[in-house]
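Q: Please take a close look at one helix of this structure. Which side of the helix is buried, and what lies around that side?

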Amino acid sequence: MSAIEIRVGNEPTTTIINRFTVKPDDQDELVRIEVDGMSRIASRMPGFVRGSIHRSLDGTSVVNYVHWADGDAWRRAHELGAQDPEYRKHMEAVRRIATAEPHSYEVVAVVDGDAS
């Protein structure tokens, strides 16, 4: 698998960053649910490029960071997901333990450091 270089004007053109607020006791379960959902459901949607899941060190949040080919691909995937029983089951499991704040973004600047 090749790495995606994040830079201004680079494809993919749409990045969805979704921050989930969760109780620390539920964080590991939410990570498991999100990894499973991204692996089994989102990754098979047309236009899905790559995603990553991050957990906060204080246990209160999980973030998924997903690249889509474009905004239309993300909207189509979201519409298809609403019709998919597996997706609905996934979202019910998420909603039981977390609240979500999804937003779409574009890259406007990238700053590299000297660390290797």
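A: This is a predicted model, in which local features need pLDDT of at least 70 and side-chain atom pairs count only at pLDDT 80 or more, while totals for chains, interfaces and linings use all residues. Residues are numbered from 1 along each chain as its sequence is written, and side-chain values use heavy atoms, leaving out hydrogens and water.

Helices (H or I, at least four residues) and strands (E, at least two) are DSSP runs, numbered from the N terminus.

Buried means under 20% relative accessible area, exposed over 50%, and partly exposed in between (1.4 Å probe, protein chains only). In H3 the buried residues are Tyr87, His90, Met91, Ala93 and Val94. Because they cover an arc of only 155° around the axis, they sit on the same side of H3; the arc is that of the directions from the helix axis to the C-beta atoms. An α-helix has 3.6 residues a turn, so residues three or four places apart point the same way.

These buried residues pack against strand S1 (14-22), helix H1 (27-40), helix H2 (71-83) and strand S4 (98-105), where contact means heavy atoms within 4.5 Å. On the face of H3 turned away from the buried side are the exposed residues Pro85, Lys89, Arg95 and Arg96.
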